[in-house]
Amino acid sequence: MSFRTRNVNLGSTQQVSDQAIDTFKKFGFMKPNRFEIVINGAMNGPRPTKQVQFHVKEITLPDRSLRTVANSNVYGPMHDIVQGQTYGSLNATFYLSTDMTEKLYFEEWQKTTFNPFTFDLNYYNEYVGSLEIYTLDEKDVRKHGVKVEEAFPDTIGTVALSQDTSTAVGTLSVGFKYRYFRTIGFEEKRRQGPPFGR
């Protein structure tokens, strides 16, 4: 084939510019500031109030990576095969009310992991809960949802105090550990096995 002739093997474009614009207008874009969370705390822990859930400033949707190893049992170039899944960190920031209800809630949730008097550790199923994260459209309709399973707050950040920030609103960062997440409506909850612990 001559380099000066059109390569017919490339085919035609899938979507012209006008069609792409029409598609964006029809379905819209996800806007990062349109979201809400639902906190389902530990079984033996405090119940989350709407105040805590509504005071979320920002949160990240969890990420998932595939753990791979090289498959060397092939002739020719090697390739990777999947060995398992790895789930990333989950972090959130909350606005603080004057009585720091938000900070107190996550501290009490943390205390469900151990006995505050003897420091003995509690059973796993006694301190894990779940988080639901939803993205919303302009009419407050949920468009996408993720449920973070077997979660607990492992890190409660510091609260900065300063005389120089007279108009700033206090915030609190919280880091969560979790086992896995699932996309609501597309991934079913895993089948429950024997109960953890007792």
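Lys103 is partly exposed, with a relative accessible area of 21%; here buried denotes under 20% relative accessible area, exposed over 50%, and partly exposed the range in between (1.4 Å probe, protein chains only). The model is predicted, so that local features need pLDDT of at least 70 and side-chain atom pairs count only at pLDDT 80 or more, while totals for chains, interfaces and linings use all residues. Residues are numbered from 1 along each chain as its sequence is written, and side-chain values use heavy atoms, with hydrogens and water left out.

Side chains of opposite charge can pair when their charged atoms come close. A salt bridge was assigned where a side-chain nitrogen of Lys or Arg lies within 4 Å of a carboxyl oxygen of Asp or Glu. Eight salt bridges were counted by this rule.

Among them, Lys103 pairs with Glu107, with 2.5 Å between the closest N and O atoms. Both residues belong to helix α3 (residues 101–110), four residues apart, or about one turn of the helix; helices (H or I, at least four residues) and strands (E, at least two) are DSSP runs, numbered from the N terminus. Glu107 is partly exposed, at 25% relative accessibility.

A salt bridge also joins Arg64 to Glu187, the closest N and O atoms being 3.4 Å apart. Because Arg64 lies in strand β3 (residues 64–71) and Glu187 in the segment after β9 (180–183), this pair ties together parts that are 123 residues apart in sequence. Arg64 is partly exposed at 37% relative accessibility, as is Glu187 at 26%.
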